[in-house]
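This report goes through a few features of the structure shown below. Keep the sequence and the 3D view at hand while reading.

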Amino acid sequence: MNGIFDQLSIGFGVAFTPLNLLVAAIGSFFGTIVGVLPGLGPINGVAMLIPIAFAMNLPPETSLILLAAVYVGAEYGGRITSILLNVPGEAAAVMTTLDGYPLARQGLANVALSISAWSSFIGSLIGIIGIVFFAPVLAKWALAFGPAEYFVLMVFAFCALTSLLGDQPVKGVLAAMIGLAISTVGVDANSGVYRYTFDHPNLSDGIAFVVVVIGLFAVAEMLQMLENRLTGVSIDVPPSVRKMFNFMELKFTWWSTVRASVMGFFIGVLPGAGASVASAVSYAYEKKHYENKDPDAKFGRGDLRGLAAPEAANNSAATGSFIPMLTLGVPGSGTTAVMMGALSLYNITPGPVLFDQQPQLVWGLIASLFVANLMLLFMNIPMVRVFASMLKIPPWLLVPGILTISFVGVFALHTATFDLGMVVAIGVIGYLLRKLGLPMPPLVLGVVLGEMMEQNLRRALSITNGELGILFQSPISIGLWIAAAAVIVGPSLYKRFKAAK
Amino acid sequence: MALDDRKLGVFALALAAFLAWYGHSLEAAFSYEPIGPRAFPLAIASIIALCGLILTVKGGNRVEPNSQGANVRIWLMIAILSGYAVTFQLLGFIISTALMTLLVARLFGGTWIKALIGGVGMGILFFVVFDYLLDVVLPVGVLGAFL
């Protein structure tokens, strides 16, 4: 118990430095804007900022705080357009439209906005408490992992991520493999052999992770926008009698918020399932839970509980998804994979030893998540109009702005024109692959984990001189293989079971 | 040309063939470990080939083709971005960004006047923000004498 307080005080010491407070505030603000803008989600915001944070020579913990603040900020921002316009600002906010928009149409827009900000805050808070208690335990357990266990763990992460995304697992596997293939480009660390470099000097260090993410999440995204050619929208926050929710409404939604937060946290910790799954599951649960009991429940027609639950869940899931990245070094979602790539720029490899070796980084991040959420709560209630007005930025200004920021970041990395050309090429390929229904998160995970996966495999096989048996030896690996098989077979079995019923 | 799963499958097979063909010759001069630099890429190539085979055989999932106008816009956008990549260092940040913004803004339906003001404004504003305020060094290019 004492240990936790010591560590938290290290964390708050880091979080309360003026630079980190400023960065958390800027990140929260920027993140909310990214969340508000339809088509841009946390992954795009984080991808754009990584190289810039690095070029500004921010220390690693500060840069991670910035990215984390953007991530949670986007989860707050996504709800604003869901409620006001019936347009989810990002994927996890889809469920928020179901009850949020009807509430706004009943003249309760401000109540809906403020109660959802509150439930987002509670969701994050429960997620943070979860990290504080579970992460160190998991990290300690993961110390027992050898190279074979690590390799199998990564296989499990891929299985979880691909089987939960979409109905065509083949495409998920293909995406993951393309990502892994990208990671093999460059000089091989063990043997010094150049792989897939074509004797080009710019490729000898491999394809930079930042180049891949910006290509996929900035350039490809803009091509997508061009296809639909969105027009700017101007909206007003409809006037309503009250600015804030009242105590009755707080009590009314309290248990839904808490239940959804706890559920969201555990869903977030699992690799693969993220904020979008969490919000959908918790909404479905609350609806089922109350529809039999409460004759006044009006889910889908403006029930405050149907608004509070998914918002709490998506924030606690976003927070919980830091756990696998921080403790195991194996991110479970696209956005945390991108963040892990950011840490690799600083030559920091997340994993169990991080808690011992870089406590200021880990606990600083955790404390800053709390600080950023507090800021977001206070920013989001009075400043809703400011954020909503961001939608007035016309696309003809927004798109070049995003492209410029992306190019600045990529160029800052190596000051190489080659990288810029590469970003455009990867963007075009990414656009085509997305059109063909290839999911992007497994691809990003492949790029991030590729080197670690290969190294662990080779190390494991060195122990047994090439014998594959070591991958199936320890109880941990066997358990992970079973879990991996379960996540692949599980969903289709469940479907069949349901159909039979 | 409409895209579908069969085309994706063919692409995957081609990628696998390339990875395998190039990866086959990867050999360490002398090696301390049982698994050299070749095994991992070849394993990936075979899984990609398997996925490609499944997709090619199954086919289907035709993607709704873009409208003619959208395709023209996308080709233009790719051309503009390639131009931006090439001129970024050559002409310098301010000029290349102003040009890119002008053209992309036109593509997204901004008027010439708005696009021009937006472009010049964006070039100068971002240069000041990044180069002077945030310490991210940007190429000055042909304006080098003035900055």
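How far apart do the C-alpha centres of domain 1 of chain B and domain 2 of chain B lie? The model is a predicted one, and in it these two centres lie 39 Å apart. Domain 1 of chain B covers residues 5–58, and domain 2 covers residues 68–143.

Chain B also touches chain A: 54 residues of chain B are in contact with 49 residues of chain A. On the chain A side, the elements that give two or more residues are helix 3 (42–55), helix 7 (169–183), helix 8, helix 17 (395–414), helix 18 (417–435) and helix 19 (440–463) of chain A. Helix 17 of chain A gives the most, with twelve residues. Sorted by class, the side of chain A that touches chain B has 31 nonpolar, eleven polar and seven charged residues.

Two residues of chain A deserve a look for their backbone angles. Most residues other than glycine have a negative phi. A:Asp199 is not a glycine, yet has a positive phi of about 60°. A:Asn347, also not a glycine, has a positive phi of about 60°.

| Residue | Phi | Loop in chain A |
|---|---|---|
| A:Asp199 | about 60° | between strand 2 (194–195) and helix 8 (209–228) |
| A:Asn347 | about 60° | between helix 13 (334–345) and helix 14 (354–357) |

Are these residues buried or exposed? A:Asp199 has 7 other C-beta atoms within 10 Å, so A:Asp199 is exposed. A:Asn347 counts as exposed because it has 7 C-beta neighbours inside 10 Å. The cut-off for exposed is 12 or fewer.

Methods. Residues are numbered from 1 along each chain as its sequence is written. Chains are lettered from A and ligands numbered from 1 in the order in which they are written. This is a predicted model: local features need pLDDT of at least 70, side-chain atom pairs count only at pLDDT 80 or more; totals for chains, interfaces and linings use all residues. Helices (H or I, at least four residues) and strands (E, at least two) are DSSP runs, numbered from the N terminus. A residue is buried if 20 or more other C-beta atoms lie within 10 Å of its own, exposed if 12 or fewer, and partly exposed in between; C-beta atoms are placed from the backbone. Domain bounds come from an automatic or database domain assignment. Two residues are in contact if their C-beta atoms, placed from the backbone, lie within 7 Å. Ala, Val, Leu, Ile, Met, Phe, Trp, Tyr, Cys and Pro count as nonpolar, Asp, Glu, Lys and Arg as charged, and the others, Gly among them, as polar.
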